[in-house]
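Subject: Structure for your review

Dear colleague,

Please find below the structure that I promised to pass on. My findings follow it, together with the cut-offs behind each term.

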Amino acid sequence: MGWHVDIIILTLVVITAIAAIQIKDLLATAILFGAYSFMMCVLWSIMGAVDVAFTEASVGAGVSTVFFVAAIFHTTRRSQD
Amino acid sequence: MRYIALIVVLLSGLVLLYTEKDLPPWGDPNSPASLHVSPKYLRDSLQETAVPNVVTSVLADYRGYDTMFETTVIFCAGLACFVLLRVFKVERKEAHYRHKATGLIIHVKVPNLLDNSSEFERVDTMWVPHDLILKTMCRFLIPFIQLFALYVVAHGHHSPGGGFQGGVILGASIILLSISFDLRTGLERVNERSISLMSATGVFVFTGIGAICLFLGSQFLNYGILSKILGVDPVMSRSWGIFGVEVGVAITVMAVMIGIYNYISSEGKLDEGL
């Protein structure tokens with residue numbers, strides 16, 4: 001059972017990583033990065049590295065998403081040049 | 001050009017996959033990483049440092065030097081954001097004010113006209129009217145978030161957590177205040193001066209504890225010698241030393257997180273935020 005969860009989470013990690021690069025909308029990219037970090041956090045906790053999972057959840061999924069959104073808030077939808 | 005980049009990325013991916021078969025299997029007790037120092041840490045951590053969570057004792061005691069410079073790296077990140085983003089000459093040409101009694105918003109083209117008025121309060125240009133539910137929920141949640149952060153810092157000896165995670169959660173609580181109200185409310189609680197002071201204080205606490213050990217006649221960051229001033233046995237004083245160091249890390253991380261958010265969200269002007 002644990003093996004199947006591993007495979008599902010790993011697939012989701014790859015999907016979110018590719019989607020974060022491919023997608024054009026910056027806000028969607030920031031959210032996908034958050035989802036990516038959360039999946040990584042689940043992976044760490046499956047492997048038993050709970051401290052790393054905790055850091056990944058608070059820094060990767062939490063604060064860095066906020067930083068991304070705060071930076072994207074100051075961009076415009078269309079490029080100026 | 002795109003295809004060349006794609007080929008390079010695919011090739012390096014294939015090389016990585018090729019080398020992957022030489023790595024030891026996950027959790028292999030005979031892998032080199034599990035043979036040298038890991039068994040010693042797992043066996044002796046509790047007797048030597050009185051810390052049940054081996055990750056914390058390795059992070060803050062056995063490899064305390066690494067953590068000290070990690071904290072310095074965080075401090076430098078905050079410093080870099082300050083140097084790159086902070087704008088000191090803010091010329092405000094106009095401002096929006098709300099009349100407190102009627103809720104009327106006025107747009108003033110004379111700068112700082114109504115800043116000290118008791119009838120008006122300043123609102124952001126992108127102000128969204130009356131987000132009462134959001135504000136009340138955040139005001140209700142923030143004390144619990146901060147309490148949990150303090151628990152994470154203090155309970156890092158026994159459960160996952162420690163200075164970094166607790167500091168990030170503490171910073172996130174203030175960031176939540178700045179997002180749900182506005183940046184000026186967050187700055188009223190934790191202003192720029194205290195952010196700068198705290199981000200340096202954390203590093204100072206960490207290195208200071210190391211230096212105290214040095215002055216008491218032991219090695220740098222060898223907390224066992226702290227038993228001379230703490231009045232407990234060397235094993236317990238190691239535990240206390242780890243706790244002091246974690247508090248230092250938490251102070252720096254919290255201040256730097258709030259600082260980076262403030263500079264990014266207000267374009268360095270610290271005037272109107274997200």
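A residue is called buried if 20 or more other C-beta atoms lie within 10 Å of its own, exposed if 12 or fewer do, and partly exposed in between, with C-beta atoms placed from the backbone. This is a predicted model, in which local features need pLDDT of at least 70 and side-chain atom pairs count only at pLDDT 80 or more, while totals for chains, interfaces and linings use all residues. Residues are numbered from 1 along each chain as its sequence is written, and chains are lettered from A and ligands numbered from 1 in the order in which they are written.

Chain A

Ile21(A) counts as exposed because it has 9 C-beta neighbours inside 10 Å. Ile21(A) belongs to helix 1 (residues 2-22) of chain A; helices (H or I, at least four residues) and strands (E, at least two) are DSSP runs, numbered from the N terminus. The C-alpha atom of Ile21(A) is 9.4 Å from that of Leu32(A), and the two residues are 11 apart along the chain.

Chain A has three helices and zero strands. Its radius of gyration is 15 Å, well over the 12 Å that the globule rule gives for 81 residues, so chain A is more spread out than a compact globule. That radius is taken over C-alpha atoms, and the rule is 2.2 Å times the number of residues to the power 0.38. Along the principal axes, the C-alpha atoms of chain A fill a box of roughly 50 × 25 × 10 Å. Buried residues account for 23% of the 81 residues in chain A.

Helix 2 (residues 26-46) of chain A has 21 residues and should span 30 Å at 1.5 Å a residue, which agrees with the 30 Å between its end C-alpha atoms. The expected span is 1.5 Å times one less than the number of residues. Among the buried residues of helix 2 of chain A are Leu32(A), Tyr36(A) and Cys41(A). Just after this helix, Gly48(A) takes a positive phi of about 90°.

The contact between the chains

Two residues are in contact if their C-beta atoms, placed from the backbone, lie within 7 Å. Chain B brings 18 residues to the contact and chain A brings 15 residues. On the chain B side, helix 7 gives the most, with seven residues. The residues of that side divide into 13 nonpolar, four polar and one charged. Here Ala, Val, Leu, Ile, Met, Phe, Trp, Tyr, Cys and Pro count as nonpolar, Asp, Glu, Lys and Arg as charged, and the others, Gly among them, as polar.

The nonpolar cores

A nonpolar core is a set of buried Ala, Val, Leu, Ile, Met, Phe, Trp, Tyr and Cys residues joined through C-beta atoms within 7 Å. The largest has 50 residues, and Ile175(B) and Tyr261(B) are among those that touch the most other members. Helix 11 of chain B provides the largest share of this core, 16 residues. Not counting residues up to four places away in sequence, Ile175(B) touches Val66(A), Met257(B), Ile258(B) and Tyr261(B). A second, separate core of nine residues includes Phe38(A), Met39(A), Met40(A) and Phe54(A).

The strands of chain B

Strand 1 (residues 95-99) and strand 2 (residues 105-108) of chain B run antiparallel and are joined by four bridges; strands pair if DSSP finds at least two bridges between them. Ala95(B) stands opposite Val108(B) in strand 2 of chain B. In the hairpin of these strands, which has five residues between them, Gly103(B) takes a positive phi near 80°.

With kind regards
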